[in-house]
Amino acid sequence: MHRVSTPVPPQFPTTVCELGVPLGASNAVLQQSTVRAAVVHPANRQLPLPNWTATTRPGTIGVIGDTGCRVTTAGPDQDCANHQTGWPFPQIATSAATVTRPDLVIHVGDYLYREDPSQANDTAANPGCTTRGDRFSWPCVVADFFRPAETLLATAPVALTRGNHEDCTTQQGGAGGAWFRYLADDLRANGSCIPYTTPVEVSAGTLNLLSVDSSFADPADNGSTTQRAIYTAQFETVNQAARQHPTHDYFVFTHKPLWMVRSAGPPARWVTRVLDEAVADTSLGRLEDNIRMVLSGHVHLYQMVDFNTTRPPQVTVGFSGGAPLDQGPNDANVVGQPVGTPPQPVHQSITQGGVFGYGVLRDNGTTWDLTSHDTTGAVRGQTCTLSTSTANKAFTCH
């Protein structure tokens, strides 16, 4: 293994190593050693590997987002010890692993929510993550992500993108420093944190994932477009990548949505305007035809919005444990509302607010089926099938 970083106590008392595993490898396991080490998650040390080849793709994909347990200096927003209704991410991760059994998991960002661990009601289970000074430390990364996600991490490979909670603050880079040390595609050794990173492509056979770091896009969520040029360059990179394999399906996954409708209006209020305008400013003026959908989080609900045009559907999956949950708009009032640049009327909107859960995409041989699932893994609502047309990208739901 290649050593990435050495311990920087007290926040990062760990040595981090990594190893690239070639596609086609049949088994990977962390061997027990006499070296003093952190507790491994998954505990059986068995690491799931891709089950697809260069000419196939994952059959089932679990999509989760906004998973940490929110604990602020004013006190807990969530009952972190209650994994049924208080903070159900551990139950969601287990349900996704055991009921859905995905071949791949996509996490659309926001992992670390414990701003003041001393206010949490599960401190006894998280030694080292008990004071405000511990926030965003290795034990808190374990408490908010690695331990609750353990069953899922033992089931399938996971593709991660960064959320706005993984920001840059003065404490060794804060949550962003922890992101770059433990979770980022390009791990860092010194605890530093940068606001913008370049898009990363994850190849899953004939499916390609493009991670766009939108963690700092419109940080106040007030509709600002001042970062437009920065994200235009990122989406130019995205389109260039998609052109390399015109017969492959591409999914963009990024924390902040491009076209999620937060309220029906009229006029409809949607997020995040700077990302939408950045796409419109690319040389193509839109996303490439083979970019089939955009997967995001940030808003704490489930929503699928499509336009029946070349614009890909926006699927928002921000309801996998983090709170408070959002209710979302009345779908009947969203349909027909103009959204985006240039404005396009919403063709279909399916929103589920006020509930926790996760999303699932299934390869049906020619295209993708989309479902929403509750905390137990049961399907909630309709099954939606994506059209095969790249000129009219829409779901048929039943």
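## Exercises: a sheet and its cores

β19 and β20 (residues 368-373) pair in the antiparallel sense over 6 bridges. The model behind these exercises is predicted.

**Exercise 1.** Find the bridge partner of L361 in β20.

*Solution.* Start with the strand pair: β19 runs antiparallel to β20. Then look across from L361: its partner in β20 is L370.

**Exercise 2.** Work out the strand order of the open sheet, and explain why one side of β7 and of β22 is left without a neighbour in it.

*Solution.* Strands of a sheet pair through backbone hydrogen bonds, either parallel or antiparallel. Here 7 strands line up as β7-β6-β3-β19-β20-β21-β22, with mixed pairing. Now go to the edges. β7 (158-160) and β22 (395-397) each have a single partner strand, so one side of each lacks a neighbour in the sheet. Finally, the twist: from one strand to the next it averages 25 degrees.

**Exercise 3.** Identify the residues that touch the most other members of the largest nonpolar core, then trace the contacts of F145.

*Solution.* The core holds 41 residues; F145 and L183 touch the most other members. Next, the suppliers: α1 (89-100), α2 (138-146), α3 (150-153), α4 (174-182) and β19 (358-363) each give at least two residues. Now F145. Set aside its neighbours within four places in sequence; F145 then contacts F89, H107, Y111, L153, L160 and L183. Another core, of 29 residues, lies apart from the largest one, and includes V212, V238, V294 and F307.

Conventions. Residues are numbered from 1 along each chain as its sequence is written. This is a predicted model: local features need pLDDT of at least 70, side-chain atom pairs count only at pLDDT 80 or more; totals for chains, interfaces and linings use all residues. Side-chain values use heavy atoms; hydrogens and water are left out. A nonpolar core is a set of buried Ala, Val, Leu, Ile, Met, Phe, Trp, Tyr and Cys residues joined through side-chain atoms within 4.5 Å. Buried means under 20% relative accessible area, exposed over 50%, partly exposed in between (1.4 Å probe, protein chains only). Helices (H or I, at least four residues) and strands (E, at least two) are DSSP runs, numbered from the N terminus. Contact means heavy atoms within 4.5 Å. Two strands pair if DSSP finds at least two bridges between them. Axes are lines fitted to C-alpha atoms, for helices over the stretch in contact, and angles run from 0 to 180 degrees between N-to-C directions.
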